[in-house]
Amino acid sequence: SDVCSSDLVSLAGDVTIANLRAWIKTPSTLRLELVGPSGPPVVVTQDLVLGIGTNHIPCRLVVPNPRLWWPNGMGDQPLYKLTATLSSDGVATDTMSQTLGLRTIQLDQSPHKGGSNFRFIVNGREVFCKGGNWAPADQIPARMTKARYEHFVQAAKDAHFNMLRVNGVGYYEDDAFFEACDRAGILLWQEFAYSCSTYDDASPEFMSEARREAAAFVTRIAHHPSLAMWCGCNECLWMYAGDKNPAPTDVLGFKIYTQLLPSVCHELDPQRPYIPGSPCGGTDEINSQTGGDVHWWYQVFMSGDPAKKMDPTLLDACLGRFVSEYGIIGPPPLASMKEYLAPEELNPSSFAWRIHTNSYEGDHSGFTESALRHHFFGPGTFSVEQFVLYGGLYQGMMEEAMMEAGRFRKHDPESPCDGSLMWSYNDCWGEIGWSIIDHYGRLKPSYFAVKRACAPVKVIVRSRSGDLVTRVVNDTLESHEVEVTYGWIRVDGTARETRKKKLKIGANSMVEIAHAKLSGAGHDPKDWIYAATLTGPGMDDDHSIWKLVPCRELRLSRSPITVVRNGDVLSVSSATFCAGVHLADEGDAKLSDDFFELLPGVPHAVHVEKSPRDDKYNLVSSMPIRG
């Protein structure tokens with residue numbers, strides 16, 4: 001796309017035509033027809049005399065009154081159908097169609113204080129990328145149906161995602177995946193299938209096959225508007241950084257990412273951004289936080305110190321300009337565990353349980369148990385059901401905090417962040433693992449936590465230089481009138497020290513509205529929490545909560561949860577603070593939010609997406625723990 005605006009789109013492209021007559025030129029007519037969601041089709045015809053062999057015909061279409069394609073949350077995703085028909089002697093000899101979206105995309109890596117930017121710009125507007133890494137949704141590709149692709153992509157859209165990083169650990173997905181992302185407005189960071197290994201770039205045979213593979217894949221998917229960027233590999237460059245490893249120019253595979261793949265992309269898809277690998281950082285190191293993208297693992301999530309991996313407050317130490325990997329392990333819903341484990345295997349000591357536990361957890365045996373005890377359960381014996389519940393709450397707490405920590409830095413003048421992508425969004429089989437939606441398509445508690453953290457207009461409380469700072473971020477392209485209530489609240493609901501502020505937050509912006517001393521200024525950390533709530537016309541209510549101690553150390557009291565139904569909306573409330581409030585139903589019922597926290601006396605609106613079989617809404621709290 002050469003020109004893209006609200007008034008005019010000019011599309012430039014190239015049609016490749018093979019004249020199969022090896023002995024003669026062939027008079028022909030090329031007809032291009034672009035059919036949009038509204039208005040008359042755009043038609044261009046061109047008379048040709050095809051040379052012998054392959055012909056490359058440059059073409060241009062001008063689209064008046066175009067409807068632009070936007071990422072999820074920033075606008076609609078109108079699609080156009082482009083059909084090319086070749087005729088000779090008045091007879092159509094071949095035809096081909098593609099689905100297009102009208103949009104421009106750029107990757108801004110310009111200098112910024114202390115490093116450089118790493119941000120995507122669509123149709124001239126910057127995008128804060130919210131989402132996760134896509135792993136193969138099944139170990140057997142033939143089992144992936146259009147319906148399964150649609151389910152996973154729709155769930156990403158519902159969670160307010162606007163990007164999935166198709167990690168190089170996987171395989172090249174079916175067309176149905178890319179078509180679903182086009183419709184959902186999910187940008188794709190697409191990597192070639194090279195990951196965490198060496199590849200024989202000294203072999204002419206291997207390099208020839210690598211080029212053929214890349215060319216076939218680029219040609220197949222380059223027309224999709226969801227495709228945002230090409231990336232050469234996952235961690236193949238990073239794994240050889242350091243004094244004890246070979247120089248990058250000596251590494252087997254280096255020529256693939258720096259020569260072969262960029263040349264293929266330049267030839268077949270020259271307008272799309274390309275980077276040689278992920279992470280691909282700044283001037284100080286390949287996994288730099290202040291330039292390029294960063295895989296933020298060893299500072300917290302894979303720290304050798306278990307205490308660090310349990311502390312969500314440390315996530316504010318991340319300075320990544322674009323964080324493309326981080327994550328924490330958690331169990332899937334019990335219904336999924338019952339699908340891949342026999343009844344006698346449904347215990348941590350069984351061989352099958354251990355096999356279906358991610359190897360990282362296996363290498364750090366008992367960590368999830370230690371974490372859920374630290375934050376929620378404490379000492380004592382717990383059941384498999386409680387392990388699933390509280391292990392899920394722990395994963396959700398860490399994932400939500402990391403997404404909030406990244407979004408908090410949107411437009412930050414000192415340390416900006418323009419993207420946060422967890423590892424991982426989905427999973428290739430049933431396991432206790434990294435994903436927030438499991439192999440069977442069931443939503444884990446962490447899914448709802450991340451969905452809340454990705455709300456288009458979001459209030460966020462994070463720590464900054466000894467203070468608790470409250471900000472509001474708006475990722476939409478419209479301004480919003482909001483009211484924010486912020487301050488200290490007793491968990492028993494008997495007292496609060498809060499203020500209210502009404503403000504108009506501009507399109508695609510961030511506003512800082514309050515500071516409070518992290519110490520709490522005399523507030524007993526077991527009795528008080530700091531919270532900010534946000535309301536506004538046309539949006540779901542939202543909140544952000546900061547605890548000074550683990551949840552189990554709060555002086556929580558058991559209080560009834562009130563549920564009032566009005567149509568398909570539930571108003572959920574409690575007189576005291578409750579954590580992990582969820583629908584006690586193992587069926588197929590589905591709410592727009594689940595496993596959430598309730599502030600004392602502050603109703604939370606939840607939409608009913610699928611009713612329980614008995615149409616009863618038995619919402620219970622996970623904290624305080626029921627006897």
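**Ground rules.** I am working with a predicted model, in which local features need pLDDT of at least 70, side-chain atom pairs count only at pLDDT 80 or more, and totals for chains, interfaces and linings use all residues. Residues are numbered from 1 along each chain as its sequence is written, and side-chain values use heavy atoms, with hydrogens and water left out.

**Helix pair.** I looked up H1 (residues 146–158) and H2 (residues 175–184). Helices here are DSSP runs of H or I with at least four residues, strands are runs of E with at least two, and both are numbered from the N terminus. The two helices pack at about 35°, and their axes are 9 Å apart. Axes are lines fitted to C-alpha atoms, for helices over the stretch in contact; angles run from 0 to 180 degrees between N-to-C directions. The crossing of H1 over H2 is right-handed, that is, the near helix is turned clockwise from the far one by less than a right angle.

Which residues of H1 meet H2? I noted Lys146, Tyr149, Glu150, Val153 and Lys157. On the H2 side I found Ala176, Phe177, Ala180, Cys181, Arg183 and Ala184. Contact means heavy atoms within 4.5 Å.

**Sheet.** Next I traced an open sheet of 4 strands, in the order S24-S23-S26-S27, with antiparallel pairing. Two strands pair if DSSP finds at least two bridges between them. S24 (496–505) and S27 (542–546) are at the edges with a single partner strand each, so one side of each has no neighbour in the sheet. From one strand to the next, the twist averages 15°. S23 (residues 480–490) and S26 (residues 528–535) share 8 bridges. Tryptophan 488 is opposite tyrosine 530 of S26.

**Histidine 543.** I found this residue in S27. Is histidine 543 buried or exposed? It counts as buried, because its relative accessibility is 15%. Buried means under 20% relative accessible area, exposed over 50%, and partly exposed in between (1.4 Å probe, protein chains only). Beyond four places in sequence, histidine 543 touches Lys458, Val459, Ala532, Thr533, Glu597 and Leu599.

**Cores.** A nonpolar core is a set of buried Ala, Val, Leu, Ile, Met, Phe, Trp, Tyr and Cys residues joined through side-chain atoms within 4.5 Å. The largest has 108 residues, and Phe177 and Tyr425 are among those with the most contacts inside it. Helix H10 (residues 384–408) gives the largest share, 12 residues. A second, separate core has 40 residues, including Leu34 and Tyr80.
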